[in-house]
Every structure is written in C-alpha cells, then in structure tokens.
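Q: I have a structure on my screen and would like to learn how to read it. Could you go through it with me?

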Amino acid sequence: MIHFVGAGPGAADLITVRGQRLLQEADVIIYAGSLVNPALLENAKEGCRIFNSAKMTLEEVIDVMKDAEDKGQDTVRLHTGDASLYGAIREQMDELDRLGISYDDSPGVSSFSGAAAALFAEYTLPNVSQSVVITRMAGRTPVPEKESIRSFAEHDCTMVIFLSTGLLEEVSAELMAGGYAPDAPAALVYKATWPEEKVVRCTVSTLAEAARENDITKTALILVGGFLDSEYERSKLYDPTFTTEFRQASSHSREPAEK
Ligand code: SAH
C-alpha cells in the first residue's frame, strides 16, 4: 500500500495526526527533499528505508514503490504542504493504477494556509473578497493563457501566487496590467511556519525590491489583495442582529425565557 501524505508547510508539528502515524508505521518513505522538513523523518521506525525524491525521476520513484509492494511493505510518499497543489501526484497515481498497486491520500496543511497564519490574515473578508485565486507565473511549466495573472488580477480578489519568487518583476507588471494600482497591498511570506520564516509587507509595485532587501529568492508565496488592508465589514455569522442555524438574533433571545 502507498500512502500519499501532505507534510504540512514546514513546522514539523503541522503534519496531521494521521500523517504522523503513517510515517511512524512506514517501511519506506519517499520525501520531497527540496521542501519537506527533515525533522519529520525522525518519526521513521528503525530499519525504514528513506529516499529523497528531489534526486529521482518519476520512474525511479515508482520503482521504489513497486519494490516495496513486492515485499509486502508500506510506503509513505511525503509531499510538501498539501499534495493536491503543484504536487505531481496525479502522474504517480496513474502509474500505480496501471500496476494495480493501491494507495490512499492524506491531506496536509498547505503553505497558503501557513502564509495566512504568518500574516494573521483572513483571505475572505466580507466586502473585500470572497474568493481566493491560487496560481503561478508560467515558468518551465506553462500556464494556460486564459489563466494569466493579468486576467485574474481583473477580478480584484485575493491572490496567492506560488512558484514565482524568481519572477517578481513580471508578477508586478502582470498584476498592474490587470488593473492593480501600484500601491495596492501585497506581501511575501518566505518559509511560512519554519523557524526562518520571513513576512514582508509591500505593495504590488515593490515586490521585487522587497524580496531583494530581505534576501528572498525562493520558497516564498506572493499574496495580493485588499485583505491585506485594514478596511472590511463585520461578518454576518457573529453579528448579534443576524439569526443563524445555531443562534437566534439577540432581539429575539432577549425576550424573557418562560419557565
Ligand atoms: N504542495 C505545496 C506547494 C508545492 S509547490 C503546498 O501545498 O504548499 C512549491 C512552492 O510552494 C514554492 O515554490 C513556494 O512558492 C511554495 N511554498 C511551499 N512551502 C512554503 C512555505 N513554507 N512558505 C512559503 N511558500 C512555500
């Protein structure tokens, strides 16, 4: 059996309870060495074979999984954050289907959640934005034209941009071409939840400069949108005058209770 496990964004105690148990039980661990916190490997039991997928091809990863399966062993495939985002899990699952090897998938805390926590931010503020666009600049992996940063920027919603720290001038230009004012709020979060985390608040036009000043060249998220500003409306959920499924509006609940 193969267990795909989200390792969380960095801090070793941000893996799920399930993910940690699977790590402790694994006979083989294949981890994404470029971003997974190596402290997580301390969960491995004695004799567990550990592979760093940063140095492996898809074929080599599958060979290790197949070999473990032939021996009746359990493998954990440990991906950074949550494996559903830029995790390249689909191609592994398709190969495993072809080989008739079964697998399951345990979600993880994505770095976009880690970055929000680092910023003490809420991505979905009432009257500011109720949508989060998760995207990236085109790099060696192309991005479909309809999904350009410029076109998403036109929606003026919350944006979380992955895998683009090396292209900040281009990101700024695209955001502004899509309608963001140069002084619209932006932020960079480097290694969210790691001890060396850096949180840098800047504007759409100063992203590259902010990164240079803070020595940020990779492993960062770019956050853009009004959620970084101070203006918003209170939520309806906790509004005393608003009745929800679980709570009467206070104008009703103030009536004296009959005994
Ligand atoms: N599946 C992962 C993303 C993998 S893609 C997730 O859910 O987070 C790798 C990119 O994710 C990096 O280039 C960077 O943009 C971002 N990233 C991963 N971990 C990060 C962290 N702790 N802090 C900031 N960005 C991070």
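Q: Why does the ligand lie between domain 1 (2–106) and domain 2 (111–228)?
A: First, a word on the model: it is predicted, so local features need pLDDT of at least 70 and side-chain atom pairs pLDDT 80 or more, while totals for chains, interfaces and linings use all residues. Residues are numbered from 1 along each chain as its sequence is written, and side-chain values use heavy atoms, without hydrogens and water. Domain bounds come from an automatic or database domain assignment. Here both domains give residues to the shell around the ligand, so the ligand lies between them.

Q: How many residues of domain 1 are in contact with domain 2?
A: Contact means heavy atoms within 4.5 Å. Eleven residues of domain 1 touch twelve of domain 2 in this way. The centres of the two domains, taken over C-alpha atoms, are 29 Å apart.

Q: Which residues come nearest to the ligand?
A: A residue is near a molecule if one of its heavy atoms lies within 4 Å of it. Of the 18 residues around the ligand, the nearest are Pro9, Leu85, Ser111, Ala192 and Ala220.

Q: Which atom of Ser111 lies 2.7 Å from a ligand oxygen atom?
A: Look for polar contacts, pairs of N or O atoms within 3.5 Å. For Ser111, a polar side-chain atom makes this pair. Ala192 instead uses a backbone N or O atom, 2.8 Å from a ligand nitrogen atom. A polar backbone atom of Lys191 lies 3.4 Å from a nitrogen atom of the ligand.

How values were computed
A polar contact is a pair of N or O atoms within 3.5 Å; within protein, one must be able to donate a hydrogen and the other to accept it, and residues adjacent in sequence count only if both atoms are side-chain atoms.
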